[in-house]
Structure formats: structure tokens, C-alpha cells
Amino acid sequence: MAPNDSVLSLVTADPGLPRPNPTQSYWQHIPHALANVQSSKLPTDRDFAIIGSGITGLSVAKTLLERHPTATVTVLEARALCSGATGRNGGQMAANAGEQYMNLAQTHGVETAGKVVDFTFRNLEKMQELIEEYGAVEFSEMQRLRKLRVFLTQGKFEDFKKSITRLETDYPSRKGLYTILDADAVLKASLVVHVEYGIHGASGGALLPAGTVWPYRLVTKIFAALLKKYPGRLTIETHTPVESVEHISTVVSPIKSIYPYILRTSRGPLRARTVIHCTNGYSGHLLPRLRGLVHPFKGTMTVQDPQNAVPNQGTAVSWGFHYPPSYDVKTQRLGYGLYYLGQSAKTGYFYFGGENARYDESITADDSSVADHSVKHLEVVLPRFFGKNDRSDWRLVSSWSGIMGYSSDGLPMVGRLSPALTGREGDGEWIAAAFNGYGMANSLMSGDALALMILGEDVSDWLPVAYGLGEKRLRETLTVSGTLNSLRSKL
């Protein structure tokens, strides 16, 4: 078992800046033309400085530019464009609010729990609408499909069914959102979703609306469109890590009262009116007081070629495999309870991820390496789900790691950062981060909500209050002890 002081030191450590030499994500193996874009000279005196160029940073920038007629926006990225979690994830557009509903209702109340469900499913719809709006369906290989959640133990299946029953009781309009399947139906899934091959070893499952996408292609395409539409108002500065943020007293000079923030970067300083943190697992670097409230978590992804050993189901279904977290005392490796799987409709390649690693390998912001045993584990596990115990002819196409951001209470953080959280004067810093592995179900609308809040609009009717940074959350659930308790519960 991981010693408590060791886990504490891991979650409260400075995540540092994104590493300059990350493992290569398959999604980025053909870099976009804007991958290394930057101005010849770093601009300054900007209305909005957004740190991070993933789906969240894109969403904030897009909304600010569209809703504010004169706003100047600079997006700052430590590495290449969209090289963080969005460019390194599993390509899944799937929500997990249904299986979390029981816990959400008990912790936050029925109204807030229902808002989280609505928010995450609406976020997926908005993602699909955005892809269509920008003519990116084929380019990003987006598929509207059903996700088959597979429960590998009876206990996990029963917990899931109880959660869905509670959801449907509290919100009868949500009946039919989930289709519950017994073990035999999961094995013979073709009867339900018109696919040819079922999943072995399940205790039960469920189908729900979902999708898959090539996330890097989507984000880079839209950034390119925004640069073309707002050439005088938007700049993107890649390979420009923000090393520190300072707030200058408004009594110093009039210009500094307009642009009170100085972002120190590798290419010099940038003055800004407002600073927006879209740095997810790296948030604690520029915001030390968030360390332990949000912490980095390294995920492992693979691309595997089944060599036609199973039919291609990429247009119909994606998968999630749920099991109780398991800890091996001998290897000190923890199985975190979830595998996620999609399939390319074009190539038949499987995009498969999941964590089986030591604590110190997982609670880290270092994506410059990927553990061999974690990759090998994914190679061994995947074929078994399709009844193929001999995978000698399956090919490993790619493997990489990526950094997610996890909060102590499992919910995103979206809102204004108080001086108590920044450690600086001023009220012009904001954050959208800590998506707990479900950024694709939260990031787009979280970024949109944050931008609207910055512009003074009320989003309380659709942004779950539990995502905010209110005193009650900071006092009761968004705490270092909450983080430690959450991690210990897996042992």
C-alpha cells in the first residue's frame, strides 16, 4: 500500500511546466500547419491572456471573440498547439454522469445532480454540432454512435443499475437514455446495436448516446478558422511557457491599471487585463494554492491493429470497461477501474487506454515517458474482451502518455479565482480545469460558460453550481484531505 506521506507529497507537488519532450501522441503524428505558430514578436497589452490551447482554451477564446466586438485575445501554449490532454486523450465523446448520479445526488442534491447529467450530455451534443458547423466531420473522423458500458463484476453492475434507477425516478424524462443489458446481451450485442461481435467476460452492460472524434484535428482546424476570422484580435503563441503571473498595484501607473497582470514567459513579458487558466493537470504550477485540490494524473494510451481478427465496429459503438479498483501489493501497481476503447471506422485500429501502474507513475505531470508494463498490460487485456486469448498477430501501432487533471471531489473547477486562491491581488484571474478524465464531456461548455461569466453574463441556469469555487465547496469537498481520501478508497 502506498504510504500516506508519499501520496500526500505526490498530490501537493509542483506539477511544473509541460515537459518539452512528451511522448508522441498518435493523434499528432501528422502535425497541423499551425502546430508551432507564434508571432514574430510577443504581443502585449491584451484584454485576455488564455493559458492552454486545448478544447477548453479554444472554447474560451471562441466565445470571447464572438461575444465581445473588440476584445484582443492571446492564447499561450508551452509546447506545440493542442499538445496537452486534448491532443493526447482517447478520442471518446462520452459522459459518465449516469453512473455517478447516485453519489452526486447524495452529495449535492437532486437538482444539482440532474444539472450535471444535463450539462454533460448537452456538452456532447454541442461538440457534435461544432464539428458539423466547421465542416470537420470527415476530417476529424467524428462518429455519432452508442457507447457500450461493460461491467466486469456483478457488484459494479448492480451499483450502476441502482444509480440509473435513481436517475430515472428523480427525472422520468431521462428514461430510455440508458438501455440496460444483461451479460448474454453484451455478448450478443449485435442484436441491439447492429454490430457483429460482442464482449466476453461481462456481468452486464448499458448502451448510451456517445461519439468518437480525432480531437487534435478538430481543435487545430477551429483555431485556424478563428485566426482567419479575427486576424487583428487573436494571436496564438506556441512554445511560449508562462513561467509566472504577477499582479501590479493599480496605483503604479494608468497603463498598468488597465493591464494589471504581467505574465512572464520564455519569450518575455506580456501585460493583460484578464488571465484565464486552462491548464488542467498543470494548474498548480502557476496557482500553488490549488496544489492538492487539483492534481495531475498520467494516463496511458495505445493504438492497436487487430489485423482483421474482429470486425470493424467503428461506426456503431465505442466501449468502456468498468471493474473495482485493484491493488497488487507485490508490484505496488493499482488498477484504476476503467478501460476506454474506440475503433477507427477507416483503419479498424483500436484506440485503447486505461491505467495499471504504481502511484508514483500515475500521480505525475511528466508525459515524457510511458511505462512499458502499462503498455504491455493494455496489449494483453484488449484481445480478451473479444474472446481472443492469443494476440500474436495483433500489432502495437503507437503508445503514449498524457496528463489529466483530477479534483478532490471529482468535479470540474469553473469560475473566478479569488486572491485567497491565487495568492495575488486582483480579481481578474479565472479557471476552467480538473475534468477528471471526462474533458470531452465537460470542456467545451465549461470554457463557454467561463467566457460568458468573464463578460458579466449569468450562466447559473445551466452551469452546475457544484462546478463553482464557492466557500462551501472549498471548505467541505475541494480539500487536500478529500483528495487523499479519494485515492485511499482505491486501495
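This report covers the nonpolar cores, aromatic pairs and charge-over-ring contacts of a predicted model.

## Nonpolar cores

The largest nonpolar core holds 83 residues. Within this core, I50, V73, Y178 and I276 touch the most other members. Helix 4 (residues 110-133) gives the most to the core, with nine residues.

I276 shows how such contacts span the sequence. Leaving aside residues up to four places away in sequence, I276 touches F48, A49, I50, I51, V60, L64, W430, L450 and I454. Another core lies apart from the largest one and has 22 residues. Its members include I199, V310, Y339 and F385.

## Aromatic pairs

The model has 24 aromatic pairs. One of them joins F160 and Y178, edge-to-face, at 5.8 Å centre to centre with 65 degrees between the planes. F160 sits in helix 5 (residues 154-170), while Y178 sits in the loop between helix 5 and strand 5 (179-182). The two are 18 residues apart. Both F160 and Y178 are buried.

F297 and Y336 have ring centres 4.8 Å apart and planes at 75 degrees, so this pair is edge-to-face. The pair links distant parts of the chain: F297 belongs to strand 11 (residues 294-305) and Y336 to strand 14 (residues 333-343), 39 residues apart. F297 and Y336 are both buried.

## Aromatic cluster and charges over a ring

Y26, W27, W214, Y349 and Y351 form one aromatic cluster.

F139 has charged residues over its face. R217 lies there at 5.4 Å from the ring centre. K221 also lies over the face of F139, at 5.6 Å from the ring centre.

Notes. Residues are numbered from 1 along each chain as its sequence is written. This is a predicted model: local features need pLDDT of at least 70, side-chain atom pairs count only at pLDDT 80 or more; totals for chains, interfaces and linings use all residues. Side-chain values use heavy atoms; hydrogens and water are left out. A nonpolar core is a set of buried Ala, Val, Leu, Ile, Met, Phe, Trp, Tyr and Cys residues joined through side-chain atoms within 4.5 Å. Buried means under 20% relative accessible area, exposed over 50%, partly exposed in between (1.4 Å probe, protein chains only). Helices (H or I, at least four residues) and strands (E, at least two) are DSSP runs, numbered from the N terminus. Contact means heavy atoms within 4.5 Å. Rings of Phe, Tyr and Trp (its six-membered ring) pair if their centres lie within 6.5 Å; planes under 30 degrees apart count as stacked, over 60 as edge-to-face and the rest as tilted. A charge sits over a ring if NZ of Lys or CZ of Arg is within 6 Å of the ring centre and within 35 degrees of the ring normal.
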